[in-house]
Amino acid sequence: MANVVVVGAQWGDEGKGKIVDWLSERADVIARFQGGHNAGHTLVIDGEVYKLSLLPSGIVRGGKLSVIGNGVVLDPWHLEKEIAQLRGQGVTITPETLMIAENTPLILPIHGELDRAREEQTSVAKIGTTGRGIGPAYEDKVGRRSVRVADLADDATLELRVDRALVHHDALRRGLGLEPVDRERLLADLRAIAPTVLEYAAPVWKILNEKRRAGKRILFEGAQGALLDIDFGTYPFVTSSNVIAGQAATGTGIGPGSIDFVLGIVKAYTTRVGEGPFPAELNDADGQRLGERGHEFGTVTGRKRRCGWFDAVLVRQTCATSGVNGISFTKLDVLDGFETLKICVAYELDGKRLDYLPTAADQQARCTPIYEEMPGWSQSTEGARSWADLPAEAIKYVRRVEELIECPVALLSTSPEREDTILVTDPFAD
């Protein structure tokens, strides 16, 4: 059976939550493979709004197994809070519906403190993090000083892991003017939260491989977007993990040959939260209109998103680095009523035309967009469920995007409601 990876193909906030929820109805397992609780998903199901930032989107669908893979960094206290919130909305969460990889690194309170202290420094440019400790937690993972889920089961191991981490963190904290870590309090907090986390701990790599061999459909859910990838994003204004589709394998423990289809989620325009380059950004009435119509505020932070026209250069680039087989085109209805639409088809850098975003930060900052104009449409596309429901100009716009990004549209989303989706190619088709 087909296994599908869903990745954001812009800077995140593309509408992955709805698409994953839409696809999860046909999947048996939904697995998160990277990121932390800094990337939000908003789901609207039968009028009920669910806001997720750590748990896989499939958790709100009964009869599915939701998995948090080892590529995620896990804040155990946020996990407890999010589970309680969803249970309060009537969602059933048990060890049979949720599993957490035993080798998943934990986000500790000291990670958030370090994250925020760095962002408050004025001597260097801000990255624009959410301050939730995701970056420092990944640093500790690579530095081999993480406390992982399995460590919570043995007190002696837990103390060793904490002591190893504090050797590093106390030195950093001195340099930032912070008090040393209260070791006993940290250990007490971890001991207290341990039963909550360990209830869901499992050898996820083994379970996923067994599910695959049994012919179950697995949906791999990414957070954020490929332009925030630590290697291929707009560095250093990126997240601290790999976001592109290849991470689905290493972030869950399943072989790359098990991935059958990569679905890239793309907005009909472009948005970005936080700092960093944004060649097609609009600081005018059109940008304001896109933001208002699209309700462009972060699910987690509430921060206003920067808005711009669709950037075909960037999406073509992310489709290549993630091996995208088809895209899901979301928020087409936000473009309703624009007399003229623009698509960024190339950049100009120092008098030269480029068909990709250069790696060097100073060159990225100097790139200016080259636009192609297309006529807009006055009719509403909201709620359309077939091509016949769309204005001719809207169809032309979608087809032109396909040509420019060199990737076909597999799904077309026309509202936050999961049923308002036009299926072109079934990612789960064998």
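Me: How many nonpolar, polar and charged residues does the lining of the second largest pocket have?

Reply: This is a predicted model, to begin with. The lining of the second largest pocket has seven charged, four polar and three nonpolar residues.

Me: What is the volume of that second largest pocket?

Reply: The second largest pocket has a volume of about 200 Å³. It is lined by 14 residues, and the closest to its centre are Gly287, Gln288, Lys304, Arg305 and Cys307.

Me: Which element supplies the largest share of the lining of the second largest pocket?

Reply: That is H9, with four residues. Helix H9 (285–293) and strand S11 (306–308) each supply at least two residues of the lining.

Me: Why is His78 called buried?

Reply: His78 has a relative accessible area of 15%. Buried means under 20%. The value for His78 is under that cut-off, so His78 is buried.

Me: Where is His78 found, and which residues does it touch?

Reply: His78 is found in helix H2 (residues 76–88). Leaving out residues up to four places away in sequence, His78 touches His37, Ser53, Leu54 and Arg132.

Me: What makes the pair His78 and Ser53 a polar contact?

Reply: Their side chains are 2.9 Å apart in this contact. A polar contact needs a pair of N or O atoms within 3.5 Å, one able to donate a hydrogen and the other to accept it.

Me: Why is Asp350 called exposed?

Reply: Asp350 has a relative accessible area of 56%. Exposed means over 50%, so Asp350 is exposed. Asp350 lies in the loop between S14 and strand S15 (352–354). Its phi is near 50°, a positive value in a residue other than glycine.

Me: And why is Lys331 called partly exposed?

Reply: Lys331 has a relative accessible area of 24%. Buried is under 20% and exposed is over 50%. The value for Lys331 falls in between, so Lys331 is partly exposed.

Me: What is the phi of Lys331, and where is Lys331 found?

Reply: Phi of Lys331 is near 60°, which is positive in a residue other than glycine. Lys331 is found in the loop between strand S13 (326–330) and strand S14 (340–349).

Me: Is the peptide bond from Tyr235 to Pro236 cis or trans?

Reply: That bond is cis, with omega near 10°. Pro236 lies in the loop between strand S8 (218–221) and helix H8 (247–250).

Conventions
Residues are numbered from 1 along each chain as its sequence is written. This is a predicted model: local features need pLDDT of at least 70, side-chain atom pairs count only at pLDDT 80 or more; totals for chains, interfaces and linings use all residues. Side-chain values use heavy atoms; hydrogens and water are left out. Buried means under 20% relative accessible area, exposed over 50%, partly exposed in between (1.4 Å probe, protein chains only). Contact means heavy atoms within 4.5 Å. On a 1 Å grid over the protein atoms alone, a cavity is a set of points where a 1.4 Å probe fits but cannot get out, and a pocket is an open set with protein on both sides within 12 Å along at least five of seven lines; lining residues have an atom within 4 Å of a point. Grid points are joined across faces, edges and corners, and a volume is the space filled by probe spheres set on the points. Ala, Val, Leu, Ile, Met, Phe, Trp, Tyr, Cys and Pro count as nonpolar, Asp, Glu, Lys and Arg as charged, and the others, Gly among them, as polar.
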